[in-house]
Amino acid sequence: MKKLLPVFLLLMPFFFACGDLNTTEDTTEIVDDESTDDESTDDESTDDESTDDESSDDESSDDAASTDGAFKFVNSWGAYSSVWENVLDGHYWIEYEDMKDNGFYIYYYYNDDSEVYDPTAIAVFNIDHDYRDEVSITIGVQDDEGDTVYSKTLESTISNILSGGAEPFPDNDMALDITEFADSLDDYNFFLTAENSGDTEGTIESLSLELYTEYDSSGASVAQTFAYEGGSVTIGASSTVTIELETAGNIDSSWEASLSSSSLLSTSSSFTFRDLTDSEISSLLTTEDQISPSNEVVMGDFGTGWSAPTSEEWEEVSYLEGLSTISKSGSYDGVSLPDEVDLSAEEYFPPVGNQGGEGSCAAFSAVYYIHTYMEAREHGWDLSDVGWTYSSSTSNGGEPDSDLDKIFSPDFVYHQINFGTDGGSTSYQALESLIRQGCASWETMPYDTSDSTSWPSEEAWREAPLYRSDTDSYYTGSKYSGIGFFKVEDDDDILFLKYLLSEGYPVTTAIYGGSSSDYGLYDELDENDVLENGNSWSSSYWNHAQTIVGYKEGDEWDSSNPED
């Protein structure tokens, strides 16, 4: 299988017009010159073929035109309950025509698994304040004039990492990977800024910077340490304070020499994307999409919690137009796709899990399913023997029965992005957190439906950098190119999605999962758990994240026997 840059993808169905999202105006390309030229040539040849002789399309293009196929969806409500599914396996199927008719939005997320990521610079700090949503923490490097060169921010707004709500900061230290700044530390000083928007006073208890040649999450193998020696610093009400570590000119040369490509975040990829226009963003922000995140427990047992992106999030998203030599405009020369792909059958995929009654579906899909799969693939972990142990109470979920150190905790992310309540979150927040700080394992931060607000322990914070995606695009530009989307509208889009799945990229989607009185989409599944063409499952909003793991088509697809 050809190795491409792995991504996480988020699909969301919407039933509204959102302008011409297939235009190529203001396109930004992040491909090399050779692939750009090839893509242009492919586009021209595709046009010529369609004009001269449509029958000359290659086999994969013929596949794209077929409606005889379906995508495999995995739920996060376990694989034991006949109240939402008919075949007790935790998954179901949606056919191609329904995918196009419902206009799914597919989001991508970088995670390069070509080599194991090695963090080299970790900021460690301790904040004492009663309200996490009132204090914004910015960490970065600045020049002699105090002007910020690079930075990353933890604060309560969705467009940044955390949204902690009206809860206190943890008593323990927090740790954040800043490897993307590693090669700038000897040129600039490292700083932490705390901006207090509330009336309650707080303190910066400590700040240190740890440099590693080989990262050890315990902190025992640190190569060089810088620590603030001025004691605790008051964060006054409605004020801002900055403290600085003098790293410029003081970095050990042997540590700098040890930096390698595996310890620096990727600055390139094979994606082509463009910005959304203001009119496109406006059309995406319908009344239905702006329902606040909430956890509607379906029929008293199963949590939901998904919410659509906000205007701030749409402004940071890019529109995906191509991957490597493949473009959504129909350039698929040399591509031959299998009739069946099932990533959930691979040894890297965890068992079907159960989020219980917690509103963590967005994090459960992005973290438990997708991040576990991607990190297991990166590290070569075999999870095929892992099972799921169910709790005696349906709403408590349960847990994997082994290898908890290799399976990732939805709560590490969910507790940091749910505004301090069990009210759900957006998938964008979950993906952004995985990009900017990584994730802790289930073993280090067990999933617990009885606690939805506690922030991680120091051990969990320190483990997260080991399992982080790698894109520095946010820090060198005005927005992420690491998170983007495209819309499934036609056969070319179906083919593009199949291509991504065939390359080993599981995706996530949102559906209407039901309420206290119905099971939403699940009420429309037939006896084989297939949502067939013509079935209706529309709703005024969508509230539950799902994971797409593969597809079947051609001779492999039989809607009357999809598991054969």
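A charge is taken to sit over a ring if NZ of Lys or CZ of Arg is within 6 Å of the ring centre and within 35 degrees of the ring normal. In this predicted model, the charged end of Lys-498 sits over the ring of Tyr-551, at 5.8 Å from the ring centre.

The structure holds 29 aromatic pairs. One of these is formed by Tyr-368 and Tyr-369, whose rings are edge-to-face, with 5.0 Å from centre to centre and 65° between the planes. Tyr-368 and Tyr-369 are both buried. The two tyrosines also belong to one aromatic cluster, whose other members include Tyr-80, Tyr-348, Phe-349, Phe-364 and Tyr-373. Trp-388, Tyr-390, Trp-442 and Tyr-447 are likewise part of this cluster.

A further edge-to-face pair is made by Phe-412 and Trp-461, with the ring centres 6.0 Å apart and an angle of 70° between the planes. This pair links distant parts of the chain, Phe-412 being in helix 8 (residues 410-417) and Trp-461 in helix 10 (residues 458-463), 49 residues apart. Phe-412 counts as buried because its relative accessibility is 0%. Trp-461, at 1% relative accessibility, also counts as buried.

The buried residues are Pro-410, Asp-411, Phe-412, Val-413, Tyr-414, His-415, Gln-416 and Ile-417. They pack against helix 7 (361-379), strand 22 (425-426), helix 9 and helix 10. Just after helix 8, Phe-419 adopts a positive phi of about 60°.

Across the whole structure, a search finds eleven salt bridges. In one of them, the side chains of Arg-462 and Glu-210 meet with an N to O distance of 2.9 Å.

Asp-342 pairs with Lys-72, and the closest N and O atoms are 2.8 Å apart. Because Asp-342 lies in strand 19 (residues 340-342) and Lys-72 in strand 3 (residues 69-74), the pair ties together parts that are 270 residues apart in sequence. Asp-342 counts as partly exposed, at 23% relative accessibility, since the buried class ends under 20%. Lys-72, by contrast, is buried, with a relative accessible area of 6%.

Within helix 9 (residues 427-436), Glu-432 and Arg-436 lie four residues apart, about one turn of the helix. These two residues form a salt bridge in which the closest N and O atoms are 3.8 Å apart. Glu-432 counts as buried because its relative accessibility is 0%. Arg-436 is buried too, with a relative accessible area of 0%. Helix 9 is also among the elements against which the buried residues of helix 8 pack.

Salt bridges additionally connect Glu-97, Lys-100 and Asp-491 in a network.

Notes:
Residues numbered from 1 in each chain as written. Predicted model: local features only at pLDDT ≥ 70, side-chain atom pairs only at ≥ 80, totals over all residues. Heavy atoms only, no water. Phe/Tyr/Trp six-rings, centres within 6.5 Å; stacked < 30°, edge-to-face > 60°. Buried < 20%, exposed > 50% of the residue type's maximum accessible area, 1.4 Å probe, protein only. Helix = DSSP H or I, 4+ residues; strand = E, 2+ residues; numbered from the N terminus. Salt bridge = Lys/Arg side-chain N within 4 Å of Asp/Glu carboxyl O. Contact = heavy atoms within 4.5 Å.
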